[in-house]
Amino acid sequence: NGNVSPMSGVLIGATAMAPVIDTTAPERIAGVTTSNASTSSIQLNWSAPGDANADNTMGAVSKYDVKFSSAYSADEATWWSSAAFASNPPTPSSRGTSQSMTVTGLSAGNTYYFSIKAFDAAGNSSQFSVPIAGTTLSSAPTTSTTLPAGTANLEVSVIAPATAQRP
């Protein structure tokens with residue numbers, strides 16, 4: 001009748017798991033403020049956002065893009081595409097940590113608008129933060145440590161740096 005061969009080797013295998021693809025954007029940065037304005041710089045301050053990991057824990061983001069412009073547009077996408085990149089944004093810290101950076105190279109006496117985006121390791125970006133306005137000082141504050149001879153009364157006025165303004 002028919003020829004029957006012995007059983008060949010047994011195939012043992014496993015189904016490979018599909019790789020987890022990160023498509024979740026980091027949290028939007030909220031609460032950006034400005035401080036410590038000088039004639040050529042303004043400091044930005046914010047709390048680090050989080051990024052959802054595959055195991056649903058919240059991790060740190062990978063990088064920031066910080067942009068600024070002296071012109072404001074209510075169309076945020078248009079504003080973002082035309083604004084300049086600020087140099088050397090900080091390395092992101094863990095969620096909720098205070099972060100800051102000083103944007104330099106600004107002109108004295110001008111109002112600038114700032115916004116920040118966060119990116120995760122997969123390249124997903126957050127929405128940009130609500131643009132915040134800050135104004136550089138018109139001139140550097142002057143100080144004197146010596147009083148003129150014969151000065152009996154001295155009145156001192158302090159001009160505080162610009163505070164954060166929302167457009």
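Me: Is Tyr112 buried or exposed, going by its relative accessible area?
Reply: Tyr112 has a relative accessible area of 7%. The model is a predicted one, in which local features need pLDDT of at least 70 and side-chain atom pairs count only at pLDDT 80 or more, while totals for chains, interfaces and linings use all residues. Residues are numbered from 1 along each chain as its sequence is written, and side-chain values use heavy atoms, with hydrogens and water left out. Since the class buried covers values under 20% relative accessible area, exposed those over 50% and partly exposed those in between (1.4 Å probe, protein chains only), Tyr112 is buried.

Me: How many residues of strand β8 are buried?
Reply: Strand β8 spans residues 111-119, where strands (E, at least two residues) and helices (H or I, at least four) are DSSP runs numbered from the N terminus. This strand is largely enclosed by the rest of the structure, because the number of its 9 residues that are buried is 8.

Me: Which residue of β8 stands opposite Asp65?
Reply: Asp65 belongs to strand β5 and, at 15% relative accessibility, counts as buried. Leaving out residues up to four places away in sequence, its contacts (heavy atoms within 4.5 Å) include Trp80, Phe85, Ser115 and Phe119. Elsewhere in the bridging, Ser69 is partnered by Tyr113 of β8, and Tyr112 stands opposite Gly134 in β9. For Asp65, the residue standing opposite in β8 is Lys117.

Me: What kind of aromatic pair do Phe68 and Tyr112 form?
Reply: A search of the whole structure finds 6 aromatic pairs, counted when the rings of Phe, Tyr and Trp (its six-membered ring) have centres within 6.5 Å, with planes under 30 degrees apart called stacked, over 60 edge-to-face and the rest tilted. Phe68 in β5 and Tyr112 in β8 lie 44 residues apart, so that their pair links distant parts of the chain. With 6.2 Å from centre to centre and 65 degrees between the planes, the pair is edge-to-face.

Me: What is the angle between the ring planes of Trp79 and Trp80?
Reply: Trp79 is buried with a relative accessible area of 2%, and Trp80 likewise counts as buried, at 10% relative accessibility. The ring centres of this pair are 6.4 Å apart, and the pair is tilted because its planes stand at 50 degrees.

Me: Over which ring does the charged end of Lys67 sit?
Reply: A charge is taken to sit over a ring if NZ of Lys or CZ of Arg is within 6 Å of the ring centre and within 35 degrees of the ring normal. Lys63 lies over the face of Phe119, at 4.9 Å from the ring centre. The charged end of Lys67, at 4.4 Å from the centre, sits over the ring of Phe85.

Me: How far apart are the C-alpha atoms of Ala25 and Asp51?
Reply: Ala25 lies in the segment before β1 (33-35) and, at 37% relative accessibility, counts as partly exposed. Not counting residues up to four places away in sequence, Ala25 touches Asp51, Asn124, Ser125 and Ser126. Ala25 and Asp51 are 26 residues apart along the chain, and their C-alpha atoms are separated by 6.9 Å.

How values were computed: Two strands pair if DSSP finds at least two bridges between them.
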